[in-house]
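Work through the exercises below with the structure in view. Try each task before reading its solution.

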Amino acid sequence: MQMRIFLAAMIAAFGVGAFAAAVLVWDRRRIWRLRPQSTAGWVFGLVLVGGGLLAGSCLGLVRL
């Protein structure tokens, strides 16, 4: 039981990290000279991954 909670917390942490990476890409788009399409692609992909990880983690905890 405790191991499942620990794993769900770790997966949620990866999800939050993906959101943080999306914010970093959005913030550094001018410095890294990213085109608007590539910036949108990176941010959308990272937000999608983060949302999936957080949702999966929450659903796993609800199932407990």
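**Exercise 1.** Is Phe44 buried or exposed?

*Solution.* Start with the location: Phe44 is found in helix 2. Helices here are DSSP runs of H or I with at least four residues, numbered from the N terminus. Next, apply the cut-offs: buried means under 20% relative accessible area, exposed over 50%, and partly exposed in between, with a 1.4 Å probe and protein chains only. Phe44 has a relative accessible area of 57%, so Phe44 is exposed. Finally, look across to Ala22: the C-alpha atoms of Phe44 and Ala22 are separated by 7.8 Å. Along the chain, these residues are 22 residues apart.

A note on the source: this is a predicted model, in which local features need pLDDT of at least 70 and side-chain atom pairs count only at pLDDT 80 or more, while totals for chains, interfaces and linings use all residues. Residues are numbered from 1 along each chain as its sequence is written, and side-chain values use heavy atoms, with hydrogens and water left out.

**Exercise 2.** At what angle do helix 1 and helix 2 pack?

*Solution.* Find the elements first: helix 1 covers residues 2–27 and helix 2 covers residues 36–63. Axes are lines fitted to C-alpha atoms, for helices over the stretch in contact, and angles run from 0 to 180 degrees between N-to-C directions. The angle is about 165°, and the axes lie 8 Å apart. That makes helix 1 roughly antiparallel to helix 2, a label for angles over 145 degrees. The crossing of the two is left-handed: the near helix is turned anticlockwise from the far one by less than a right angle.

**Exercise 3.** Which residue has a positive phi although it is not a glycine?

*Solution.* Go to the loop between helix 1 and helix 2, the place of Arg33. Arg33 has a positive phi of about 55°. Its relative accessibility is 75%, so Arg33 counts as exposed.

**Exercise 4.** How many salt bridges does the structure hold?

*Solution.* Take the rule first: a side-chain nitrogen of Lys or Arg must lie within 4 Å of a carboxyl oxygen of Asp or Glu. The structure holds one salt bridge. Asp27 forms it with Arg28, the closest N and O atoms being 3.7 Å apart. Now check both partners. Asp27 is exposed at 52% relative accessible area, whereas Arg28 is partly exposed at 33%.

How values were computed:
Parallel < 35°, antiparallel > 145°, perpendicular 65-115°, else oblique.
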